Amino acid sequence: MFFKNTEDQMELRDKGTDGQSNVPLLHSLPIQRTGDYVLVANKVDDDTNQRSLRQRAFLEELKKKNIAVTEIKFDEKIFFGLRVPSKILENYQYLLKVSDSCNCWREENGISQANKIRIVNFILNNTFINTGENLEELMRKDVFETMFCLHEKKDQKYLQQKWARWSALFTEQPFNDIKCYFGEKVALYYLWLSWYTKLLIPAAAVGVVIFLYALAFFNTSPLIKEVCDSNITMCPRCDGNKAQSRCKAWQLSDTCTYAKVSHLFDNEGTVAFAMFMAIWATFFLELWKRHRATYVSKWNVYDWCEEEEELIMKIVNDPNCPPKEFRHSYLRSTLVLILVTVMLMLIIGVTLAIVVFRVVAAPSISKSEWKFMKDHASTLAVMLGAVLHYVTMQIMTRVNRWVSLKLCELEKLNSLAATERSFTVKMFTFQFFTLFSSLFYVAFFLGRINGHPGNYVRLAGYRLEECHPSGCLTDLFIQMAVILLLKQTLNNIFEFTVPLVKIFVKKKSSKLLRRKCGRCYRKACRDESGSVEPCDICKIQDWLRNYNLDNSDAFSLFNEFLEMVIQFSFTTIFVAAFPLAPLLALLNNILEIRLDAIKMVRLERRLIARKTNDIGVWTKILEAIGVLAVIANGLVIGISSDFIPRLVYRYRYGPCASGSTSTHCMQGYINDTLAIAFMSNDNRDEFIFPKQRNLFNITECSYRDYRNQDNSLTSQFWLVLAVRFVFVVLFEHVVVLCKFVAAWFVPDNPIGVKNKRLKDKLDRLKEELREMKTGKSTEV
C-alpha cells in the first residue's frame with residue numbers, strides 16, 4: 001500500500017532498491033533516512049552556558065527514552081537528528097490492538113513514517129528536564145531555535161506530480177495518498193473542502209439563475225422606470241445651511257443606476273433562493289457525514305477515540321505516567337465566561353467605531369471639490385468602511401488568537417483534544433463577531449434608528465447615516481462584496497507569495513550548499529577502512545533543505561479550516577443580499593485546493609500527522625451556522641429588503657387591489673413609500689410643519705418612510721410591520737421543518753459502511769477466539 005513502509009522496506013530504499021514492485025513511487029535517487037525529526041539550536045561556545053546545559057539535559061532525557069540522537073554542527077547551527085526506536089513502535093501497536101476503540105488490528109505494513117513522526121512529536125512535547133521545562137518553554141528561551149520533521153523526497157515528488165500542481169486543477173485528489181503522507185486530519189480537511197466545493201456547484205448555478213432572472217426584467221421593471229423617470233425632490237442626506245451646497249436637495253432620478261443594481265439582488269427570486277440555501281446547507285452537512293463515513297471506514301479509524309489515543313501516546317512516552325484526572329471549577333468557568341463576554345463587547349465596540357467613522361466620513365467626503373466624490377459620498381463612505389473593516393479584521397485576528405490561547409490555559413483542560421476543541425470554539429466565536437458585527441448592523445439597524453426630518457438622531461453632532469437611496473439591501477451588498485472579495489483575494493495572494501519569497505531569498509544559500517557538497521565528495525574523504533565517508537554538509541543536506549522551507553505549526557491546518565468555515569458563513573448567512581456569493585466561493589475554492597496543496601507539499605515544512613475520524617467540533621459549528629442562516633436570511637428578507645412592502649402594496653394598496661387590469665400592479669409603488677417634509681431654504685436642517693409653511697421660504701422634499709405630514713406613522717406602516725413579523729415567523733418555521741425532514745431523509749452512514757463495520761467486528765472477535773484456543777492448546 002502506498003507510503004506504508006516497514007523497517008525492512010526503509011532499509012531497501014536507503015540502498016536504492018524498491019522493496020515493493022507494485023508501489024507507485026519514484027526512485028530516481030536513493031533516500032538516506034537519517035532521522036524522523038530534527039531539532040535545531042544556535043551554536044554555543046561555552047559549555048557552561050545555561051543554554052548549553054539545558055540543551056544537554058533535554059537530549060539526555062530523550063536518550064533515556066531510547067531516542068537515537070545524531071548531532072551535526074554546520075556554520076553557527078547545531079542539528080540534532082532524532083529517530084524513534086522500534087520498541088516504542090511495538091508498544092504503540094500493541095496498545096492500539098488492545099484498546100477499546102481500535103479498528104486497525106489488521107495493519108500489515110507496520111507503522112507509516114507519518115505515524116512515527118507523530119509519536120516523536122508527542123514525546124518531544126512531553127519531555128521535561130529537571131527544572132520542569134518542556135521543549136516549548138526551552139524554545140521560548142532560545143535553548144532550541146526550531147524543530148521540524150522531514151519531507152520524504154520521493155513521496156514528496158510523487159505528490160507534486162500527482163496533486164500539488166496547477167495543471168491538476170480539475171483532477172480528483174488522491175485522498176488515500178494524502179492520508180498516508182500527512183495523516184488523517186489533513187486528508188479529512190481536503191476531503192471536506194473537495195466535498196464542499198462540489199456541493200457549491202448547484203448552489204452557484206441557482207444563484208446565477210436568480211441573477212439572470214433579475215437581469216431579464218432589468219429594463220421592463222416598473223419600479224426601475226418609476227425611479228428613473230421621476231421628478232421627485234428628496235430631502236438632503238446631511239446637515240447644513242444654504243451656503244453649503246453639499247447638502248442640497250437631490251432628485252430621486254439621480255439614483256437610477258443604483259436602483260437597477262439593487263433590483264438584481266432584491267427581487268422575488270431572492271426568497272426562493274434563501275430557502276434553497278438553508279435546505280442546501282442541511283443536505284451538504286448530512287451528505288458530508290455519509291461521505292466521511294465511507295473514507296474513515298476504509299482507513300480503519302471509524303471507532304477511533306482521540307482521548308484514548310492520547311492516553312496510549314502518554315503510556316508510550318512514559319509507562320509510569322500518572323493519570324491526568326478531569327477537573328472542573330465553577331470559579332474558573334465563571335471567570336472564563338466573564339472574560340469572553342468582555343472580549344465580545346470589545347469587538348462590538350470596534351464595530352461601533354467603524355460606524356462612527358462612516359457617520360463622520362460621509363459629510364467629510366461630500367465637502368470634496370471633486371464632483372464624483374461629492375455626488376457619491378455615501379457610497380464611498382460605505383466602501384471605505386468596508387476596507388477599514390477588513391484592516392481591523394487582520395489586526396483583531398491576532399488579538400483573538402492570543403486571547404483564545406490564554407483563556408484555554410486558564411481553563412486547564414484534561415487533554416489536548418479538549419483544549420483544541422475549546423480553542424476552536426472561542427477563536428471562531430471571536431472571529432465571527434469580528435467579521436459579522438458590521439454586517440449585522442448594516443442589515444438590521446442601518447437606516448432604522450436615524451430618525452426623520454425634524455427629529456434626526458445624532459452622534460457627536462453628526463446625523464446617523466441613512467440607507468442607500470435605492471434601498472437598505474444595497475449597503476449590505478456593497479459591504480459583503482468588498483469584504484468577501486478582499487478577504488479571499490488578498491489572503492490567497494499572501495498565503496502563496498510569502499513562503500515563495502522566503503524560499504527565493506534562501507535559494508542562493510541552497511546553491512552554495514550543493515556546491516560545497518560536490519566539492520566534499522570530489523575530495524573523497526576516506527576513513528581507515530577505505531570507504532567513502534560523506535562530509536557533515538552532505539549528511540544534513542536534506543535537513544537543510546527542510547530547514548529553509550517556511551515554518552508550519554499546529555495553527556497551519558486550523559487557519560485553513562477557519563478560513564473555509566468563515567467563507568461558508570458568508571455563503572449562507574446573508575446570501576439573500578448577495579446571490580452570487582456561492583459562485584465566488586466556488587471559484588475561490590477551486591484555486592484554494594491546489595494553492596493549499598502546493599503550499600503544504602512544496603513551500604512549507606511537513607505538517608505533523610494527526611490521526612482523527614472527523615473534522616471535530618467544526619461539524620457542530622457548521623450546524624450552528626446553518627441554523628443561524630435560516631434566522632438571518634428570514635430577517636434580511638422580512639426586514640431589510642423591500643419584498644414585504646412590495647407584497648403589501650400589490651395586494652392592498654396598488655392598482656390591482658382595486659381590480660384594475662389596465663396598469664401594472666406595482667405602478668406607483670415608489671411614490672407610495674415616500675413621505676413629505678417641508679424644508680427651509682435658509683437652513684436645510686430646519687423642517688417646518690404644514691401650518692407654518694406659508695411663513696417661510698420653503699422647499700417640499702420627500703424621504704423614505706410611512707408618515708403623515710404631521711410626522712405621525714400611517715396605518716400602512718403598521719400593516720407592513722405586522723406582515724414582516726408574520727413572514728419572518730413563517731419563513732423560519734417552514735425552513736427549519738424542511739431542514740429536519742432533510743436531515744431525517746439522509747442517513748449519516750451508508751448501508752455499505754454499516755455492513756463493513758459489522759463484518760470487521762465479527763472477524764476480529766473470531767480472530768481473538770482463535771488466538772485464545774491456540775494459546776490453550778499450546779499450554780496443554
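A: Val391 is found in helix 15 (helices, H or I of at least four residues, and strands, E of at least two, are DSSP runs numbered from the N terminus). Val391 is partly exposed, with a relative accessible area of 41% (buried is under 20%, exposed over 50%, partly exposed in between; 1.4 Å probe, protein chains only). The model is predicted: local features need pLDDT of at least 70 and side-chain atom pairs 80 or more, while totals for chains, interfaces and linings use all residues. Numbering starts from 1 along each chain as its sequence is written, and side-chain values use heavy atoms, without hydrogens or water.

Val391 belongs to a nonpolar surface patch that also contains Phe357, Leu384, Val387, Leu388, Ile395 and Val399. Together these residues have about 520 Å² of accessible area (Shrake-Rupley, 1.4 Å probe). Helix 15, residues 377–411, supplies the largest share of the patch, namely six residues. Patch members have over 30% relative accessible area and no salt bridge, with like charges joined within 9 Å and nonpolar side chains within 5 Å.

Just after helix 11, Asn300 takes a positive phi of about 60 degrees.

In one, Lys289 pairs with Glu623, the closest N and O atoms being 2.9 Å apart. This pair links distant parts of the chain, for Glu623 is in helix 23 (residues 618–640) and Lys289 in helix 11, 334 residues apart. Lys289 is buried at 16% relative accessible area, whereas Glu623 is partly exposed at 27%.

In the other, the side chains of Arg292 and Asp614 meet at 3.8 Å, N to O. Because Arg292 lies in helix 11 and Asp614 in the loop between helix 22 (581–603) and helix 23, the pair ties together parts that are 322 residues apart in sequence. Arg292 is buried, at 12% relative accessibility, and Asp614 is partly exposed, at 23%. Elsewhere, salt bridges with shared partners join Lys185, Glu306, Glu420 and Arg610 into one network.

Conventions: A salt bridge is a side-chain nitrogen of Lys or Arg within 4 Å of a carboxyl oxygen of Asp or Glu.
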